[in-house]
Amino acid sequence: MKNNKKQLSQEQTDELLNTLKSRFEKNMGRHKGLEWSKIQAKLEADPEKLWVLDEMEVTGGEPDVVGYDKKSDEYIFFDCSAETPKDRRSLCYDRAAWDARKANKPEGTAMDKAAEMGIELLTEEEYQELQAIGKFDLKTSSWLKTTADVRKLGGAIFGDRRFDRVFIYHNGADSYYAARGFRGSLRV
């Protein structure tokens with residue numbers, strides 16, 4: 001069981017690291033040139049980031065390393081589940097959109113849930129990067145971090161892959177669908 005310090009037990013840590021290592025080894029095309037031992041050392045040095053990755057995992061995100069930022073010396077993890085994470089669906093975009101709904105409010109919002117988990121929604125650019133390393137959201141869609149100018153007008157963007165193409169669409173930020181969730185990123 002997790003505690004309030006956002007830290008996993010040693011048993012949970014070992015289990016998560018084994019899961020992440022196995023996924024890393026099965027998907028080498030996502031992170032060419034990166035070494036698991038260096039990533040694991042960074043993870044073990046930051047228990048809160050391990051807690052966040054566990055949140056990504058238990059909500060169906062299947063986080064995996066997709067890159068390394070040399071400037072900041074950080075490994076980049078994205079949710080790499082084939083479809084948008086199953087336990088992060090049926091959410092409107094943000095709190096303002098949720099508050100504006102008069103009826104049939106969803107359980108919550110993508111932005112709030114991401115903040116609770118300690119992750120950032122993927123940007124449009126990051127979503128394109130994700131789609132370049134695999135085929136994701138063939139049956140679902142994912143809310144994407146939306147710019148303030150679009151959000152100010154009541155909209156939000158989301159992406160999916162259909163007909164072997166990646167599409168970025170718009171919708172009212174207060175909308176929610178059973179097949180729309182969100183994907184996140186984490187830097188370690």
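Predicted model: local features only at pLDDT ≥ 70, side-chain atom pairs only at ≥ 80, totals over all residues.
Visitor: Which residues of helix α2 are buried?
Guide: In α2 (residues 36–44), the buried ones are Trp36, Ile39 and Leu43. Buried means under 20% relative accessible area, exposed over 50%, and partly exposed in between, with a 1.4 Å probe and protein chains only. Helices (H or I, at least four residues) and strands (E, at least two) are DSSP runs, numbered from the N terminus.

Visitor: How do they sit around the axis of α2?
Guide: They fall within an arc of 65° seen down the axis, so they line one face of the helix. That arc is taken from the directions from the helix axis to the C-beta atoms.

Visitor: And what covers them?
Guide: The cover includes α1 (10–26), α3 (47–58), β1 and β2.

Visitor: New topic: is Arg88 buried or exposed?
Guide: Arg88 is buried, at a relative accessible area of 0%. You'll find Arg88 in the loop between β2 and α4.

Visitor: Which side chain does Arg88 join in a polar contact?
Guide: That of Asp79, at 2.7 Å. A polar contact is a pair of N or O atoms within 3.5 Å; within protein, one must be able to donate a hydrogen and the other to accept it, and residues adjacent in sequence count only if both atoms are side-chain atoms. The Arg88 side chain also reaches the backbone oxygen of Phe182 at 3.4 Å.

Notes. Residues numbered from 1 in each chain as written. Heavy atoms only, no water. Contact = heavy atoms within 4.5 Å.
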